[in-house]
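Welcome! Take a moment to look over the structure below, and then we will walk through some of its parts together.

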Amino acid sequence: MQGMSQKIVGVKASAGVAIGKAFLLTAPEMEIKTVAVEDAASEVLRFEEALERAKADLQQIVLRVEKEMGAEQADIFRAHLMVLEDPELVDTVKGKITEEKTNAESALNDVAQMFISLFEQMDNDYMRERAADIRDVTKRVLAYLLGVNFFQPGSLTEEVIIVAEDLTPSDTAQLDRRYVKGFVTDIGGRTSHSAIMARSLEIPAVVGTQTITSAVTPSTLVILDGHEGVVILDPSEEEIAFYTKKQAEYAEQKAELEKLVHVPTITADQHHVELAANIGSPADVAGALANGAEGVGLFRTEFLYMGRDDFPTEEEQYLAYKQVLESMGEKPVVIRTLDIGGDKHLSYLDMPEEMNPFLGYRAIRLCLDRQELFRTQLRALLRASAHGNLKIMFPMIATLEEFLEAKAILEEEKKGLQNSGVAVSERIEVGIMIEIPAAAMMADVFAQEVDFFSIGTNDLIQYTMAADRMNERVAYLYQPYHPAVLRLLRNVIEAGHSQGKWVGMCGEMAGDPVAIPILLGLGLDEFSMSASSILPARKQISQLSRAEMAQHIDAILQMGTSAQVEAYVKETILKEDI
Amino acid sequence: MVEKKIVVQLPHGLHARPAANFVKVATSFASEIKLVKKDKTVNGKSIMGIMASAIAKGEEITLIADGVDENEAVAALEKVLLSQEG
């Protein structure tokens, strides 16, 4: 078999190495023919049987998913069940079979299509997504009627690597971790739903290979390397040995890091810094804690507003914030108020077309203009504050007036709640996100008014370099180590400390191994990053001395280019061979 | 048969979760349940029918129940439609 192996490269979606047999997940061929039936009554019975079997499957799935992944994921399948129990669907299909003497497959397909096109035509993203639910659930019944095998990721009984064109949310929610060792898909990117799910389930995954489904036949032996984004088909014995070793090393490394979960982050010279997690929804808290987060440094509240057809109510928001605060206990939770606009839009909020959305009507600018939205969120936050250690952060602050106005509105809402006897914490810190160069330059003035700063480097770098990092032609200008950026960071951190205020960072830079020594030397107090970066960062910081890092800062800030800074850190501090 | 005109108070109307909740309550009764919006009638036990009729907050609808437990059904469903939460 020597030399027969085939290598396919994709996007690394979730770390880890898996070796196993491929399980090709393809949508079953379902050809719907319209056939006249003689005995309509027994055809109705056949339809009812298929319906019952599909419902029984879904009930099983609801129970399992609820137990393994929580109520939110289980709701997807509860919604599917409700569609199968809908009398408008069921009775219309039965009526069609009886009156038109047509077969169940064709009757169901026609009625479902009618509902699907009804929902697809609606002027609302949420409703259009319901069309996908109806399609998904109809297939389940059709598969029983046609006697084709409808794959149930939950029904596997041996270890496999799933190979698919793409995985739907309903597929991924059903993956059974005992048997699914990894998955590879044709389409998708690092932030697609299946990739995010793979990371939260800690299943190695490679997505976006484009060709995997055509290259693999069932039971092909597959090696999947989620670190490199590589898939090897029909590997040689040497390759199997190599990756088996890599798998063991990875497991060992992981076990080593896991020892650090409950250990505070202490530098080699005994300074404590806080390592916190960036989260996007209450469901992310479990992963943050499992990875040893000492707090939440950024809770993006946009998820509450996305994928629905109207603004969330105060009560809905209150429950989500309370859930996060309670699960974090005494640990600090920084919640950022609504940051929409820019590239994030809501289907139910009319936003003007803008020439430069990133320099336009977004975040605090929108909130101060649409105060009813802002006040609803602030009331929900204030009410939730009684349940934990809440800190409130305003995004995209450019001027002092914006901060003072936002804070005054917060105070008004607080008084209002207290006057009606609602419990509100007395120790809520209020801070700003530093992502606009104007605010970074004026940090000394802001520091007299705020309780903390959190530096949002993703936007700060883009605004400092005037370069959109999503634009491939100028993405090279997105330079986190550029001395211009580092000088702004020093200005912010020194300004905060001179007023006794703590300074954190919640951009991707906070978890970057090359940036960490510099940030430590600059005196950053809190590093907030994706949960999976926390333990490696903790290990790195425990080996670095803050005082020693501080001695490198003057030299670094005098350099002329980002490349010089990067080379200096790698050679002098990280002692890498480059 | 019991009929009642109700102005929907649900903050987002009968969408998504509230619609599912309405259907859950409706199907717990034996009576036939109908919602009339202007001249359109939908089956109160049909999640797709209700979502497709897009009933908003502040809209007046007629709730109709017909069967052995029609009084209880109207009372329970009225409570759902008048709820301020959801």
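This is a predicted model: local features need pLDDT of at least 70, side-chain atom pairs count only at pLDDT 80 or more; totals for chains, interfaces and linings use all residues.

## The barrel in chain A

Eight strands of chain A close into a barrel, in the order 9-10-11-12-13-14-15-16, and their pairing is parallel. On average, neighbouring strands of this sheet are turned by 25° against each other, with direction ignored.

Helix 11 of chain A packs on the sheet and touches strand 10 (296-300), strand 11 (332-336) and strand 12 of chain A. The direction of helix 11 makes about 160° with that of strand 11 of chain A.

## Helix 11 meets helix 13

Helix 11 (residues 314-328) of chain A also packs with helix 13 (residues 371-384) of chain A, at an angle of about 40° and with the axes 8 Å apart. Because of that angle, helix 11 of chain A counts as oblique to helix 13 of chain A. The crossing of these two helices is right-handed.

Which residues of helix 11 of chain A meet helix 13 of chain A? They are A:Glu314, A:Gln317, A:Tyr318, A:Tyr321, A:Lys322 and A:Leu325, and they face A:Thr376, A:Gln377, A:Arg379, A:Ala380, A:Leu381, A:Arg383 and A:Ala384 of helix 13. By class, the residues of this contact are six nonpolar, three polar and four charged.

## Helix 17 meets helix 18

Further along chain A, helix 17 (residues 457-465) and helix 18 (residues 483-498) cross at roughly 125°, and their axes come within 10 Å. That angle is why helix 17 of chain A is oblique to helix 18 of chain A. This crossing, too, is right-handed.

Helix 17 of chain A brings A:Leu460, A:Ile461 and A:Thr464 to the contact, while helix 18 of chain A brings A:Ala484, A:Val485 and A:Leu488. Five of these residues are nonpolar and one is polar, with no charged residues.

## Where the chains touch

Finally, look at where chain B touches chain A: the contact takes 15 residues from chain B and 18 residues from chain A. On the chain B side, helix 1 (16-27) and helix 2 (47-52) are the elements that give two or more residues. Which of them gives the most? Helix 2 of chain B does, with five residues. The chain B side divides into eight nonpolar, five polar and two charged residues.

Technical notes. Residues are numbered from 1 along each chain as its sequence is written. Chains are lettered from A and ligands numbered from 1 in the order in which they are written. Axes are lines fitted to C-alpha atoms, for helices over the stretch in contact, and angles run from 0 to 180 degrees between N-to-C directions. Helices (H or I, at least four residues) and strands (E, at least two) are DSSP runs, numbered from the N terminus. Angles under 35 degrees count as roughly parallel, over 145 as roughly antiparallel, 65 to 115 as roughly perpendicular and the rest as oblique. A crossing is left-handed if the near helix is turned anticlockwise from the far one by less than a right angle, and right-handed if clockwise. Two residues are in contact if their C-beta atoms, placed from the backbone, lie within 7 Å. Ala, Val, Leu, Ile, Met, Phe, Trp, Tyr, Cys and Pro count as nonpolar, Asp, Glu, Lys and Arg as charged, and the others, Gly among them, as polar. Two strands pair if DSSP finds at least two bridges between them.
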